[in-house]
Amino acid sequence: MSQSYDQAGSVTQSEAEIEKRVRSVIAEMFHLSPQEAEGQLGMGNPAGWDSLGHMELVIQLEKEFGVTFPNFVLADLVSVPAIVRAVRDSSASA
Amino acid sequence: MFESIPIVQILICLISGALVISFSFLRRASGFLVLSLLGIALVYRQLAVGYVLINVIVLLFVTSLARITANSDAKRRLRWRWSCAALIALVVAFIVGRWYQIETKGLLVGGIEWSLFSVDMWLLLRLVTFLWEFGSGRIAQPSLLTFAIWTCMPFTVFGPLLRYSQFESQLPFMREAEVARAVYTRTWVLNALRATALLVCGITLSRLHATMFASGTQGVPYWIKLLDSFGISPWSFLLTWWGFYKLMECLALMWSVSLPPSFNAPFGRPNISEFWANWNMTATSVFRDYLFYTRWGQQRVNLYLNTLIIFFLVGLWHGANWYWVIWGMLHGIGFCCFIWYRHRRASKQFETNGATMRILGPILTYVFVCSCWILPSRILKVLGQI
């Protein structure tokens with residue numbers, strides 16, 4: 001586990017760890033095989049990740065990481081790197 | 001249909017693009033600004049002053065708000081709330097103005113015609129996205145020059161929508177070397193030819209429609225009406241505007257401005273959600289990003305209610321009259337049915353044959369979309385008789 005402690009003493013996760021968990025949530029949500037989950041993921045790929053699936057995914061991600069994304073960020077969470085960035089930022093500001 | 005194509009705008013874009021490519025002294029901010037303002041003056045004529053002033057008022061509001069809320073985290077919420085309040089005020093003014101058709105009566109204040117605001121759906125959308133992006137902190141205090149070029153640029157006056165943040169991120173377009181490089185390529189020429197071909201096909205179909213119904217609809221065989229409603233009219237509309245927006249994308253590259261795509265083969269999509277995801281995408285994305293992606297709208301019943309509200313607003317954006325309200329509500333009901341079907345299928349409450357749905361889905365979606373253009377006038381006719 002690549003965890004470290006920030007100045008306040010709370011556990012912070014590395015981006016690789018966040019990405020792994022994000023991919024796992026996406027895979028579970030859209031029933032992807034491990035190989036598919038490792039590939040290029042984004043809105044439209046897998047097919048279930050459309051505007052309807054997007055909000056369901058956002059809610060699952062918030063549950064998984066215990067964060068609340070600001071409303072105006074929701075539309076930007078269309079790829080794994082964008083989600084990782086948002087999780088990192090939300091965790092930092094929490 | 002043909003009459004509604006902004007031919008003047010196409011010519012202005014073509015000429016301004018050619019000027020920028022030909023004369024290096026125009027390839028700077030002041031050059032782009034002069035060309036943009038000239039374009040606005042030619043497109044809007046007597047309404048141009050009102051157009052510019054509306055934008056100036058919004059910019060002044062945003063600039064003042066930026067100063068008040070600068071360098072303070074606590075004041076970010078204040079900025080968001082005031083931006084939302086201004087946004088709602090703009091939308092309400094637009095809808096009320098359209099509902100009472102003030103453009104036909106005129107709204108002369110201080111010798112300036114202000115009625116434009118109530119009819120210019122793209123101006124409204126631009127300002128809404130601008131206020132939203134400013135309120136959310138996506139854009140900082142905008143510069144007057146950048147804002148003026150963005151809002152007056154001829155390539156986006158009648159759509160498609162280029163959000164301020166998207167435009168701002170392209171600002172290095174003022175670098176001389178970049179200008180014209182994108183244009184002298186085979187891809188650009190092919191895209192411009194494709195856009196022109198789409199436009200010509202759309203206009204030809206539109207002419208065909210006009211010829212068929214030159215002496216009214218009475219006496220026209222039923223099968224011709226059917227062919228028109230489910231073939232000629234929808235395709236003429238799609239091809240015309242697809243071609244027009246694609247042409248704008250090509251011409252904007254003459255200024256090295258990259259516009260997002262507007263249409264992506266929306267007919268033939270397997271469901272209504274896919275249709276909307278590929279129809280007039282720059283406008284659709286605003287409603288999706290700002291209204292659909294909300295937590296409130298995702299809770300059980302709210303999902304359906306929120307969908308109906310969104311399509312009601314989409315209808316009002318097209319036109320504040322009963323035709324567009326009914327059109328929006330029909331799409332909203334269709335979309336709700338799709339959400340319900342999707343949820344039931346996901347929870348395996350019923351099984352569907354994949355192969356059958358692959359064939360039936362696009363047909364049903366196409367027939368539904370075409371019906372939504374025909375039904376409102378029929379419904380209004382029936383209601384009128386009652």
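The lining of the largest cavity comprises four nonpolar, one polar and five charged residues, where Ala, Val, Leu, Ile, Met, Phe, Trp, Tyr, Cys and Pro count as nonpolar, Asp, Glu, Lys and Arg as charged, and the others, Gly among them, as polar. The model is predicted, so local features need pLDDT of at least 70 and side-chain atom pairs pLDDT 80 or more, whereas totals for chains, interfaces and linings use all residues. Residues are numbered from 1 along each chain as its sequence is written, chains are lettered from A and ligands numbered from 1 in the order in which they are written, and side-chain values use heavy atoms, with hydrogens and water left out.

The cavity is lined by N71(A), F72(A), A75(A), D76(A), W132(B), E133(B), R138(B), R163(B), D289(B) and Y290(B). The elements that contribute two or more residues to this lining are α7 (121-135) and α13 (281-292) of chain B; helices here are DSSP runs (H or I, at least four residues), numbered from the N terminus. One cavity of 30 Å³ or more is counted. On a 1 Å grid over the protein atoms alone, a cavity is a set of points where a 1.4 Å probe fits but cannot get out, and a pocket is an open set with protein on both sides within 12 Å along at least five of seven lines; lining residues have an atom within 4 Å of a point. A volume is the space filled by probe spheres set on the points, which are joined across faces, edges and corners.

| Space | Volume | Lining by class |
|---|---|---|
| Largest cavity | about 60 Å³ | four nonpolar, one polar, five charged residues |
| Largest pocket | about 1,600 Å³ | 19 nonpolar, 14 polar, 11 charged residues |

Of the 44 residues lining the largest pocket, F338(B), Y341(B), R342(B), H343(B) and R345(B) lie nearest its centre. Two or more lining residues come from each of α3 (51-65) of chain A and α12 (272-277), α14 (300-318), α15 (322-346) and α16 (354-385) of chain B. The largest share, nine residues, is given by α15(B).

α14(B) and α15(B) pack at an angle of about 150°, their axes 7 Å apart; axes are lines fitted to C-alpha atoms over the stretch in contact, and angles run from 0 to 180 degrees between N-to-C directions. The two helices α14(B) and α15(B) are therefore roughly antiparallel (angles over 145 degrees). Their contact has 16 nonpolar, seven polar and no charged residues.

Over all chains, the structure holds nine salt bridges (a side-chain nitrogen of Lys or Arg within 4 Å of a carboxyl oxygen of Asp or Glu). One of them joins R88(A) and E15(A), with the closest N and O atoms 2.2 Å apart.

Conventions
Parallel < 35°, antiparallel > 145°, perpendicular 65-115°, else oblique.
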